[in-house]
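My notebook is open, and I am going through this one a feature at a time.

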Amino acid sequence: MTVEQSTAAAEDAAAPQDSPPGSSARFWGTAYTLLILLTGTNVATPRYHGYAHRFGFSPLVMTLVFAVYMGVLIPALLIAGPASDALGRRRILLPALALAALGTLGFALATDVVWLFAARILQGLAVGAASGALTELEPHGDRRRAALVSAVASAGGMGLGPVLGAVLAQYLPAPYVTPFVVELALLVPAAVAVAALPETATVTRWRPRRPSIPAGMGAVFAAAGTGAFLGFAVVGVFLTLIPTYAATLSGSANLVVGGAAAALLPAAWAVAQLVGYGRPERALDFTGFPLLAVGLALLAVAGAVSSLPLLLFATVLAGAGHGLVFLSGLTAINAAAPADRHADVLSTYFVMAYCGSGGPVIGVGLLAGATGLLAAVQIFAAVVAVLCVVRLVARVAVEARR
């Protein structure tokens with residue numbers, strides 16, 4: 001989910017508008033666009049290990065290739081979201097799709113690691129710029145439904161990408177080209193759907209969104225932001241390194257094994273959020289953190305005993321835990337943020353989350369250079385599991401003092 005999608009989810013009431021802003025076809029066309037954009041950013045996930053051998057780079061470089069995406073997505077999201085309000089959705093979405101196509105083409109033509117960095121930068125710019133159009137196009141003005149569809153499309157793209165990339169690379173010719181040709185073909189209907197959008201602008205003045213925390217929200221934001229950072233750190237490591245980790249544990253060179261392992265996390269994340277949607281923030285917190293901690297502990301054990309089934313089970317638990325922790329933080333932020341600062345506070349929350357997705361994975365890459373991949377992932381899992389327990393104990397202590 002993006003800042004704009006989460007802002008929509010925060011609305012307690014979703015009264016239908018007298019004049020629906022978009023048709024059902026436009027709404028689902030935009031949902032498809034979001035799904036395919038997120039799919040494209042993860043099609044290469046099962047191939048990173050192969051790229052490392054092909055171009056001769058280390059696990060650290062592999063994690064940097066992943067993290068640079070987040071490095072450009074954050075400013076693109078903060079700048080392009082408000083720009084689409086001033087310029088209109090179509091004027092932002094069409095260039096975003098062009099950037100996504102160029103990024104996909106970069107992977108297909110890659111001859112060294114520089115191409116991978118360039119492709120990931122273009123993809124980050126595309127996703128950051130494209131986020132947020134779905135809410136305004138829900139045909140009945142139902143922002144809660146729009147936010148739910150956005151969340152499912154986002155998680156669906158994160159899960160579909162690794163599986164699609166693995167299947168195409170494993171069973172069709174030209175494994176370093178075919179997945180990206182298919183992604184380019186999937187972007188064509190998205191471009192057609194975006195070209196048919198009405199050109200609307202809701203504001204006359206554009207200014208970048210400013211992440212900030214209002215006075216009095218420090219404690220709430222610290223608790224929510226810590227959870228978001230830890231959860232997205234798990235997401236970053238899983239999407240970058242788990243395919244290689246799974247292949248090592250299974251002893252199989254079949255890319256579908258690693259792709260499926262990576263896809264399990266966003267799938268479990270999406271299901272957990274659907275189940276937990278509307279539940280009290282405290283219940284989400286006290287369920288999510290134990291699930292995340294146990295999943296990470298089992299991830300470390302899976303490496304020690306070389307068990308692929310245990311790895312897959314750990315992935316499901318970690319994904320479900322992350323989904324609930326993230327939803328818990330979002331619920332707390334939504335309840336505490338002043339109405340006139342809502343978008344700014346949510347922007348800050350998402351910046352914290354995306355930093356978690358980019359920063360720690362680089363640390364794991366550095367550690368892998370010294371200890372090896374299996375040991376690095378085990379150490380990461382153990383440390384984050386302990387931090388999850390500490391975060392939960394800290395909340396219990398705070399509540400006990402009240």
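**Entry: a nonpolar patch**

L102 sits in helix α5. Helices here are DSSP runs of H or I with at least four residues, strands are E runs of at least two, and both are numbered from the N terminus.

A note on what I am working with: this is a predicted model, in which local features need pLDDT of at least 70 and side-chain atom pairs count only at pLDDT 80 or more, while totals for chains, interfaces and linings use all residues. Residues are numbered from 1 along each chain as its sequence is written, and side-chain values use heavy atoms, with hydrogens and water left out.

Back to L102: together with L105, L109 and W115, L102 makes a nonpolar surface patch of about 350 Å². Patches take residues with over 30% relative accessible area and no salt bridge, joining like charges within 9 Å and nonpolar side chains (Val, Leu, Ile, Met, Phe, Trp, Tyr) within 5 Å. Accessible areas come from the Shrake-Rupley method with a 1.4 Å probe, and for residues only the protein chains shown count as cover. Helix α5 gives the largest share of the patch, 3 residues.

**Entry: the chain overall**

I counted secondary structure next and got 14 helices and 0 strands. Of the 402 residues, 55% count as buried. The accessible surface comes to about 15,300 Å², and 70% of that belongs to carbon and sulfur atoms. I also checked contacts (heavy atoms within 4.5 Å). Among contacts with a separation of 6 or more, 86% are between residues 24 or more positions apart.

**Entry: aromatic rings**

How many aromatic pairs does a search of the whole structure find? I got 9. Rings of Phe, Tyr and Trp (its six-membered ring) pair if their centres lie within 6.5 Å; planes under 30 degrees apart are stacked, over 60 edge-to-face, and the rest tilted. In one of the pairs, Y51 and F107 have ring centres 6.2 Å apart and planes at 40°, so I logged the pair as tilted. Y51 belongs to helix α3 (residues 48-55) and F107 to helix α5 (residues 89-109), so the pair ties together parts 56 residues apart in sequence. Y51 is buried at 0% relative accessibility, and F107 is buried at 1%.

I then found that Y51, F55, F107, Y176 and F180 form one aromatic cluster. Y176 has arginines over its face: R47 at 4.3 Å from the ring centre and R54 at 4.1 Å. My test for a charge over a ring is NZ of Lys or CZ of Arg within 6 Å of the ring centre and within 35 degrees of the ring normal.

**Entry: salt bridges**

The whole-structure search gave 5 salt bridges, each a side-chain nitrogen of Lys or Arg within 4 Å of a carboxyl oxygen of Asp or Glu. E281 and R395 meet at 2.5 Å, N to O. That pair links helix α11 with helix α14 (residues 373-401), 114 residues apart. E281 is partly exposed at 21% relative accessibility, whereas R395 is buried at 16%.

R395 also bridges to D285, with the closest N and O atoms 2.9 Å apart. D285 is in helix α11, 110 residues from R395, and is buried at 1%.

I flagged A174, which has a positive phi of about 50° although it is not a glycine. A174 is in the loop between α7 (143-171) and α8 (178-195). S306 also has a positive phi, about 55°, without being a glycine, and is found in the loop between α11 (281-305) and α12.

Last, V325: this residue lies in helix α12 (residues 308-336) and is buried at 2% relative accessible area. Not counting residues up to four places away in sequence, V325 touches G227, G288, F289 and Y349.

Definitions and conventions: Buried means under 20% relative accessible area, exposed over 50%, partly exposed in between (1.4 Å probe, protein chains only).
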